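This report covers secondary structure, surface and side-chain contacts. The sequence and model are shown first.

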Amino acid sequence: MRRAGLGEGGTGGYVASGYSVYEEENEHLQEGLRSKVTALKSLSIDIGTEVKYQNKMLDDMDSDFDSTGGLLGATIGRVKQLSRGSQTKLLCYMLLFCLFVFFVLYWFIKLR
């Protein structure tokens with residue numbers, strides 16, 4: 001009661017074992033591909049998380065720059081208002097004080 005191709009000495013045994021080798025190789029390659037896809041998925045999720053974090057930081061920086069620009073604009077307006085008045089002597093003292101502080105800081109940094 002032999003079936004065709006499944007005998008002990010027939011050529012069907014070689015075909016079945018060759019097919020099994022190819023199946024094992026395909027399964028091995030499939031596992032390798034599955035692990036690479038999993039790694040790629042986790043990497044893309046990490047990249048997405050990092051992009052969201054960087055966008056949040058950029059939005060925060062944008063709002064900080066806007067508030068700083070408003071503060072600087074108000075300060076410039078006050079300085080212009082000082083220069084229009086008869087307080088030019090006070091403005092001159094303020095500029096000299098700023099230059100003095102700048103040179104002291106420059107000297108202090110240069111000594112380090």
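A patch, as used here, is made of residues with over 30% relative accessible area and no salt bridge, where like charges are joined within 9 Å and nonpolar side chains (Val, Leu, Ile, Met, Phe, Trp, Tyr) within 5 Å. The model is predicted: local features need pLDDT of at least 70, side-chain atom pairs count only at pLDDT 80 or more, and totals for chains, interfaces and linings use all residues. Residues are numbered from 1 along each chain as its sequence is written, and side-chain values use heavy atoms, with hydrogens and water left out.

**Fold and surface**

The protein chain has two helices and zero strands; helices (H or I, at least four residues) and strands (E, at least two) are DSSP runs, numbered from the N terminus. Helix H1 covers residues 11-84, and helix H2 covers residues 88-111. Of the 112 residues of the chain, 2% count as buried. Buried means under 20% relative accessible area, exposed over 50%, and partly exposed in between (1.4 Å probe, protein chains only). The chain exposes about 10,700 Å², and carbon and sulfur atoms supply 65% of that area. Accessible areas come from the Shrake-Rupley method with a 1.4 Å probe; for residues, only the protein chains shown count as cover.

A salt bridge is a side-chain nitrogen of Lys or Arg within 4 Å of a carboxyl oxygen of Asp or Glu. The structure holds two, and they are listed below.

| Glu31 and Arg34 | 2.5 Å | three residues |

Glu31 is partly exposed at 46% relative accessible area. Arg34 is also partly exposed, at 43%, and Asp60 counts as partly exposed at 36%.

**The annotated region and helix H2**

The unreviewed UniProt entry places a "transmembrane region" at residues 90-109. UniProt positions are given in the numbering used here, feature names are shortened, and annotations may be inferred rather than shown by experiment. In the model, the span 90-109 is 100% helix and 0% strand, with its end C-alpha atoms 29 Å apart.

Tyr93, Leu96, Leu99, Phe102, Phe103 and Tyr106 form a nonpolar patch on the surface, with about 690 Å² of accessible area together. Leu99, one of these residues, lies in helix H2 and is partly exposed at 45% relative accessibility.

How many aromatic pairs does a search of the whole structure find? The search finds one. Phe102 and Phe103 form this pair, which is edge-to-face, with 5.6 Å centre to centre and 65° between the planes. Rings of Phe, Tyr and Trp (its six-membered ring) pair if their centres lie within 6.5 Å; planes under 30 degrees apart count as stacked, over 60 as edge-to-face and the rest as tilted. Phe102 is exposed at 51% relative accessible area, and Phe103 is exposed at 51%.

**Cysteines**

The structure holds zero disulfides, a disulfide being a pair of cysteine sulfur atoms within 2.5 Å. Cys92 counts as partly exposed at 42% relative accessibility, and Cys98 counts as partly exposed at 46%.
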